[in-house]
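Subject: Handing over the two-chain model

Hi there,

Here is the structure I promised to pass on to you.

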Amino acid sequence: MYSKNLTISKGIDWPMVWLYAFIVIFGIICIYSVEYKTTDNFIQTLVGFKKNYSKQLFFFAACAVLAIFILLTDSKLFTATSNISYLIGILLILATFIVGKEIKGSKSWIPLGFMNLQPVELCKIFTALALSKYLSMPETDFKKPKSQIIAAAISFAPSVLSILQGETGLALVYFSFLIPMYREGLPPGYLIAGASMAVLLVVSLLFEAKTLLIAFTIIAILFFYFNRRRIKRNKQILLIIVVVWSFSSIFVGAIVPYTFKNVFKQYQADRIFSMVGVDNPFADEIISDMSVAEEQKIKQKKTEQQNYNVKQSKIAIGSGGFFGKGFLKGTQTRGDFVPEQHTDFIFTSVGENFGFLGSGLLMFLYLIFLLRIIRIAERQRSTFSRVYAYSVAGIMFFHVAVNICVTIGLAPVIGITLPLMSYGGSSLLTFTILIFVLIKLDADRQMVLR
Amino acid sequence: MSVFNQSRKNVILLVFTGMFVVIFLQLINLQIFSSKYKVDADNQGTFRKVIYPDRGIVFDRKGRSILQNTVIYDLMVIPGKIKDTDTATLCNILDIDLTEFNKRIISAIIKNKSYRASIFESMLSNEKMAKLNENLYKLAPGYFMQERSVRDYPYDAGGNIFGYLGEVDSNILKNPIYEGYVMGDYIGRTGLEKTYEKVLMGQRGIEFLLRDNKNRITGQLEDGKFDTAAIAGKNMYTSIDIELQALGEKLMQNKLGSIVAVDPKTGGIIAMISSPTYQPKLLTGAERKKHYAALLLSPARPLFNRSVSASYSPGSTFKTLQALVGLHEKVITTSFTVSCSGAFYGCGSGKPMRCLDFGTFDLRNAIRMSDNTYFATVMQRVITNPKYPSQDSSLAVWDRYMYAFGLGHRLGIDVPSERPGNIPTPKDFNKIYGKGAWNYCNFRSVSIGQGEVSTTPIQTANEMAYIANKGWYIIPHLVDSIEEGDKFNLLSKYKEKHSAMDIPDSIFDVVQGGMQDVVDKGTGAGAKVPGIVICGKTGTVENYYRGIKQPNHAFFCGFAPRDNPKIAIMCVVENSGRFGGTYAAPIVGLMIEKYLNDTIAKSREAIVEKFTKLNLIPPRIYSEMKSVDSLLHKKDSAYLIAKGYIKLIREGIEMDVTDEQEILDQIKKEKENVKKKQQQKQNSDSKLKVKPEAILSTEKKKPELKDSIR
């Protein structure tokens, strides 16, 4: 027995395991505080599996068993099965179009009886493995645009499918695969161009096309004026200015209005505009019949609900103060003021009960966790492991950053979980697998995996 | 390949760390620097429930409880839970129809949402309460009873003494004295309830409760760690004799006026009637606002506490004081006589002051027969007293006496809205007539208690106490002692004797003798009570309403028994016509008899009956009442309250609440300023108009001074 344990634990990065366990248990405590009622009998609720915290405890036990299994497997299994598992993942997502169950407005769940499985969630693992596999293949030259396109296709295929299902939050998570790709040599120009596009899009949502066209023209003229000597020497600069100017103008003046009028549905457009805090300027032209108007009303209600969520979330966190109100003493948590508090808004109970001390410590733990993953990534000999590690870091980072930013009012409401803390079997399972596969790969870091 | 990109690790680390720094900064901002969220959280997450203690009980001089608390019930409804209840039964019991029922439910839902309790019908009558209790099983769980404590008046008398409770409004909240009150709390608005608010209220308790997102109470905050218990208000013992008070109110039925009776030894007020009065319980209970509006609008002004707020010309009752001044200043002696040949001609023959009886009077008889000429002469001698260098200084000396008698300033009694009355000063006279341009002739009317002088009933009663005590008084007051002591130091000023002028007893003996004669064989014979030596003085007061002469006010004041005075009393019956001896004196007689003998002799009960039935309300009140009645039928109470306020402010009449009083005073002053300006304009036109005869001029110029009751 002892010797077997030794083989399992050989090379394991224990700090990772401890961080993992600590955060999950802290999460369960927070879920308990959300559900706590003075009349509850602790033992009864614990054994009854009626309460979320006891269910989460059960999920945790299941995940622990799964983690041991992962540690017992051979690392080569992951490289060998990465392609096929990715394929299965995609198929599962496709399956939801047929057998999917609608939960909270997105038809992206497969009912399994004891739990509901969200394939897009699970597919993060498969995509991470598939991307690692592709990038670690000796014949892949990531400098070539072809390889870049294939890598992007692998990364974003589940995302596109997810958007089709109406699950935008998780779809955005797949952007985190840009981090491993960047690490493996994706030209920063792409990221800069992408970022500029995003800025352009936001700007075009915020301001009227006319104003922007005038602004762009003025900027272009100023550029021309200040660079006129260089332009005399190098005509190419003039060309760049003209191209950028005309692209921006066309994008703002034609592409954006066209897309919002003809491609997006009313509620989608509304939602996008509400993210930047503006009313949909194309709304009037789109409402043609009653059903659409009705739908708009529902979506508007949803926006109001989201604003309410964020307000309540900020109140709960802000009222915690430096030391917090104390465990089970949070008035906002006790009064059910924050909707979805056990899932996406679990951080509010940390903020209220444990104050800045608690929430700051939790944030610090997550940062340590991420830095640890990067350290692990950089000590890998095989590209596969490194890419995979960066994928895990990216996904974790995206989840944590977006979730926390939503709760503290720095980002629009995007429904994604706080890793390891939020209630939910799917999320906990996914992150357990992601992390323990990484731990296993790291344990075998002397091996070169292909 | 990867080796070349190793530096990118640092970029990624930078991005990660940067993001977390942003999050940290926002957390610091939210949790450490913004207090807004804590306030928001407290507002929505906790509920500060105020526990109201029972207000203190008030006892009369014989230990009877005259102001206490009773429990009444409100029917509460939770609209979300009434689906299966028997609406028909409920409507039957409450005597409402289905539309009214629906209206109430809807307004309950609007006010408090459907899952919280709202009042369905407040302050149920005993009958409805009994019926509802029988049927409550049919109505549960949507309906339930909630008890509430209200004021109860076992003797149904003394509304003007006790005052009433009202809801705290924004005006009260502005006053720093009432810190800690919130909108909707009940607070003493006038009377004892207001003066002794701090004593009667007790200490409110606070319970901190937890509230959920639907505003339901879920439990106590930290098991009641921050809660404080309510402490009941303290009981108070007053000098009131509630039976005498009730008798006084009965005698004053259908009359306008006031009776004030004071115990001269202690200054304790035995009875204080202001008529018309109202049933104090009208201003508790469900219909409070409606009743309040009706009372406020009544032209007879039942909410106006005449005993302390109405200033009348004291009339001939004032002569007793002039006798004291004259004797003490030695301008007359007890044997000094004045003969009246029909009128006082000391100021020329322009408009002489008539005397009631012809003949020659010494002081005692002058008091007995209330001889005008005698006291005009006394006043003449006081003002032209060679002892003092000028008219101004001798008038100032006279003023000192009046102040010592408790006139011309607020006494400081313990019900609000006391008026100071008026004692003219040299400054006033110089202002009215021009500096030095007046002489004692302008004073003739003052000498007989008309003209520029005015007093309140409480001041007159106190003046009687002063004479009865032979030279001292204690500020009249209602409350003698407070249970567990006078913690707010409200009573100390009611313990000290005021005896500013050291007038010898011999002078008082003469004046008291004259007053005894008034009752025994003079103008006040109507006050006579067999077996009791009563000293008194009648008064018949000319008065004007909006410049039109009205029937005279009847005054009578006095004290008894002469040797060991136990009661000093004053009574005024407004616009009764005839003389003070006709209407006021018998009422005083009955009051004294009741107080001293504890009962009224069988033979005299007929007089009680007679006065109870006697209606002396002037006809103008009835005509005004009619116009108000037609208004009452038209509009709802809220409108009437607003309208009532506007009306009162317009007329510049004193209200029963001091704050409002001050506002009204200001309005009045402004009005007067405008008038003065107009007068100054007229001055330049003709100087003659400014200096008419004393009596007429003052009456026309300042009707407010003469009489605030119109």
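Within chain A, 70% of the contacts with a separation of 6 or more are between residues 24 or more positions apart; two residues are in contact here if their C-beta atoms, placed from the backbone, lie within 7 Å. Please keep in mind that this is a predicted model, in which local features need pLDDT of at least 70 and side-chain atom pairs count only at pLDDT 80 or more, while totals for chains, interfaces and linings use all residues. Residues are numbered from 1 along each chain as its sequence is written, and chains are lettered from A and ligands numbered from 1 in the order in which they are written.

Chain A first. It has 450 residues, and 39% of them count as buried, meaning that 20 or more other C-beta atoms, placed from the backbone, lie within 10 Å of the residue's own. Chain A holds 20 helices and 3 strands; these are DSSP runs numbered from the N terminus, with helices being H or I of at least four residues and strands being E of at least two.

The strands of chain A make an open sheet in the order 1-2-3, with antiparallel pairing. Strand 1 (101-103) and strand 3 (116-117) of chain A are at the edges with a single partner strand each, so one side of each has no neighbour in the sheet. Strand 2 (residues 106-111) of chain A pairs with strand 3 of chain A over 2 bridges, and pairing requires that DSSP finds at least two bridges between the strands. In that pair, A:Ile110 sits opposite A:Leu117.

Now to where the chains meet. The contact draws 41 residues from chain A and 33 residues from chain B. On the chain B side, helix 1 (8-33), helix 2 (36-45), strand 8 (205-211) and strand 9 (217-220) each give two or more residues. Helix 1 of chain B gives the most, with 15 residues.

Finally, two hairpins in chain B. Strand 20 (residues 535-545) and strand 21 (residues 548-560) of chain B run antiparallel over 10 bridges, with B:Asn543 opposite B:Gln550. Their hairpin has 2 residues between the strands, and B:Arg546 takes a positive phi near 50° there. Strand 21 of chain B is also joined by 7 bridges to the antiparallel strand 22 (residues 567-573) of chain B. This second hairpin has 6 residues between its strands, and B:Gly558 faces B:Ile569 across the pair.

Note on methods. Buried ≥ 20, exposed ≤ 12 C-beta atoms within 10 Å, placed from the backbone.
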